[in-house]
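Biologist: I'm new to this one, so please pick out the salt bridges and walk me through them slowly. After that, tell me how they sit within the chain as a whole.

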Amino acid sequence: MPLNLPNVLTVARIIMIFVALVLATNAGLPTAEPTASELLLRYIAFGLAFLAGITDLVDGYLARKWNQVTDFGALMDPLADKVFVTVSMFFLVAIQLIPAWVAAIVICREFMVTGLRTLAAKSGKVISADKLGKLKTFLQMMLLLVSALIWMQLIKQSMPVVLWIMRALIGGVVVVTVVSGANYFIKNRDLITEKK
């Protein structure tokens, strides 16, 4: 690994995600009243996850600004993003805030689009995130944020408005995830249909 700050931040992000997961899985379910130690674990885990999200914004910016873009960073940065999404979805299923099928759709889409991008790279083509892809990411982050607020007991899951928001976010994530994933494949179908 080329030792520069952007790459260190990328690796640190992956480590923080898994440390946050370990802490979070020992902090109880959102339906149960947490003990003081469980609540502390929840806040620390959220802080680490939030910090990991910040490093996602910073490392790419610094790599470009300081001209420190490396093959390692180009590989690991998007993989770190996939790790964050996958771990987050697994955790939301574990604490019973989303159904398993929702996580399966999100994770499968991530793997399929990553595979498509890999195929495109072999042909010298770069598939950048489009507006639907960015909307998908935004809705996922909003779902994670609201779930975190529920889990940390800052808002009550049983409140009608919170239930409505969660259902709307879950529905939005599912629809946009499927549509944006299909859109990538439709726009780049030549990569799959072309004869060698």
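Modeller: Let's start with glutamate 110 and arginine 109, which form a salt bridge with their closest N and O atoms 3.7 Å apart. That term means a side-chain nitrogen of Lys or Arg within 4 Å of a carboxyl oxygen of Asp or Glu. Keep in mind that this is a predicted model, where local features need pLDDT of at least 70 and side-chain atom pairs count only at pLDDT 80 or more, while totals for chains, interfaces and linings use all residues. Residues are numbered from 1 along each chain as its sequence is written, and side-chain values use heavy atoms, with hydrogens and water left out.

Both partners of that pair are buried: arginine 109 has a relative accessibility of 7%, and glutamate 110 has 3%. (Buried means under 20% relative accessible area, exposed over 50%, and partly exposed in between, with a 1.4 Å probe and protein chains only.)

Through shared partners, salt bridges join Lys136, Glu110, Arg109 and Lys82 into one network.

In total, there are five salt bridges. Another of them brings together aspartate 81 and arginine 13, 3.2 Å from N to O. These two are 68 residues apart and link distant parts of the chain, with arginine 13 in helix 1 (residues 5-24) and aspartate 81 in helix 3 (residues 71-94). Arginine 13 is buried at 2% relative accessibility, whereas aspartate 81 is partly exposed at 25%.

Now for the whole chain. It has seven helices and zero strands; both are DSSP runs numbered from the N terminus, helices being H or I with at least four residues and strands E with at least two. Of its 196 residues, 39% count as buried. Along its principal axes, the C-alpha trace of the protein chain spans about 60 × 40 × 25 Å.

Finally, look at which parts touch. Taking contacts with a separation of 6 or more, residues 24 or more positions apart account for 77% in the protein chain, where contact means heavy atoms within 4.5 Å.
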